[in-house]
Amino acid sequence: MTLDVKLGLKVTGRGALTFKRVSGTFFYEMEQDIRQFLGNLQPEFDLAWRITTDSYGYMWIIFEGKRIEDVLAGLTTISDIIEEKGFSDKLLAAVFEFSSVREEGRGGGASQQYLIYNYKRNNFYPFVPLGQKTTDAEQQMKIMATVAEEIPFERDMTLWYPLWDLPLRSLV
Amino acid sequence: MFAKKQPWQKRDTGLTVRMIISFAVLSVLYIVFLSVLAYVGVGAIAIAVIAGILILAQWYFSDKIVLWSTGAKIVSREQFPELHDLVERIVARNNLPKPRIAVINMRMPNAFATGKTPRSSIVAVTLGLMDQLDQEELEGVIAHELAHIKNRDVLVLTLASLFSMIAWYMMRFGMYGGMFGGHGRRDNQGGAAMLLVLLIAIVTWIASFLIIRAISRYREYVADRDGALITGKPSKLASALLKISGTMKRIPTRDLREVEGMNAFFIIPAISGDALTNLFSTHPPVAQRVKKLMEMEAAMS
């Protein structure tokens, strides 16, 4: 993961992963494994975490840490557990949060910006919410221009589906 | 929702189509006229002179032809004071001659520049362009058109087309030679030479067709760059391009979690038929232009 030095975006240290919740023993077992892993997180990782389920029936595992490497390691381990248990088709997306330091809150709105990793397409796309159910297309294009060469990127913007109301508020 | 075409997909290309049809009709008229002359036995030199006069005439009346074919109307300061102010601000800051300003009564956002010399040039915008773009974006687009004028792109493309036209005439004459060569007293060697000329003419014509498009695309990039330098705000031109092309509207607003169930949709492979369409189009793809502008923006800030 490269930082968007050019755009003046800073990682906030928050990242999350979301997957569809289903009923059944195997899923329950997997959930226990995840909770066990989270409960046994070593203090040297310095990660805060939270589990929540949204109104769409998707489970979210949210990490917040000072070092983005730790957040990444945490997310990778969770996705490994999910895949191991045979639920990889339930994985939807991983989300990484950035905040703009250059222009504080365009038009007074929130300045939180995201890179979404789509597990179905194995690539990233930008998500810059701008008020109610609208996105800042200009900023999203800027992000694409900056990082599209460096990471697997979704160039078909008809697939840049938003994730409204991300449950990524601060944990610490 | 995926089967039904979205409004942006039914893009209104009226302006371009009208221009192309007008010029195509003109070209066909020339060719028919010159062919008739050739048929009734007018000499090759006379035909070349007449063709030259016609090309000059088209060059001379190009403004009127463009205005007429697009339905653009020159507007006075009283009719569109804000538009005049905006253009004057840009030309004053950059020491450029003020073009005449025309407006097209069309909802589709678009703009073009024409004119034989920078002094006699015209910048035309559609009403839709003024509606949809904010002040800075409109400035970006007009600066782009002013850059076309400053770079004399109309002249460049007319000259480039001239070669294509000459190749076309050569092709026509080559064909006459091939068709009527039989009952003349030409020997086989003459026929072969004629065929060679025909072949070269065809290759030249195809090559010039592609080259004109390549030049045109290149001039677009240059006008983007120069236009962005004129306003100092590359990202504003980029966002105008995104709005004009309807790219903005293509970014979905439905939540990923809602569409995830329609799995079939994710299977659609990312086919890119881009390479071929790129070869034939006069404008580079919007994404590419936006990318370059954003790189400029990053370099400037």
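**View 1. Pairing of strand 3 and strand 4 in chain B.** B:Thr114 has B:Ile122, in strand 4 of chain B, as its bridge partner. Strand 3 and strand 4 (residues 122-126) of chain B run antiparallel and are joined by four bridges. Strands (E, at least two residues) and helices (H or I, at least four) are DSSP runs numbered from the N terminus, and two strands pair if DSSP finds at least two bridges between them. The model is predicted: local features need pLDDT of at least 70 and side-chain atom pairs count only at pLDDT 80 or more, whereas totals for chains, interfaces and linings use all residues. Residues are numbered from 1 along each chain as its sequence is written, and chains are lettered from A and ligands numbered from 1 in the order in which they are written.

**View 2. The largest nonpolar core around A:Val95.** This core has 78 residues, of which A:Ala16, A:Val95 and A:Ile116 touch the most other members. A nonpolar core is a set of buried Ala, Val, Leu, Ile, Met, Phe, Trp, Tyr and Cys residues joined through C-beta atoms within 7 Å. Helix 6 (residues 135-150) of chain B gives the core its largest share, seven residues. Beyond four places in sequence, A:Val95 is in contact with A:Gly15, A:Ala16, A:Tyr114, A:Ile116, A:Leu163, A:Leu166 and A:Leu168. Two residues are in contact if their C-beta atoms, placed from the backbone, lie within 7 Å.

**View 3. B:Asp255 beside chain A.** B:Asp255 is found in the loop between helix 10 and helix 11 of chain B. Because B:Asp255 has 15 C-beta neighbours inside 10 Å, this residue counts as partly exposed. A residue is buried with 20 or more other C-beta atoms within 10 Å of its own, exposed with 12 or fewer, and partly exposed in between, the C-beta atoms being placed from the backbone. Leaving aside neighbours within four places in sequence, the contacts of B:Asp255 are A:Tyr161, A:Pro162, A:Leu163 and A:Trp164.

**View 4. The contact between the chains.** Chain A and chain B contribute 23 residues each to the contact. Helix 14 of chain B gives the most to the side of chain B that touches chain A, with five residues. The predictor gives the complex an ipTM of 0.84 and a pTM of 0.66.

**View 5. Confidence along chain B.** The mean pLDDT of chain B is 77, and 77% of its residues reach 70 or more; pLDDT is the predictor's confidence in each residue, from 0 to 100. Mean confidence is highest in strand 2 (residues 100-104) of chain B, at 94, and lowest in helix 12 (residues 264-267) of chain B, at 48. Residues 1-12 of chain B stay under 50, with seven contacts beyond four places in sequence in the model. Where pLDDT is low, the predicted coordinates should not be read in detail.
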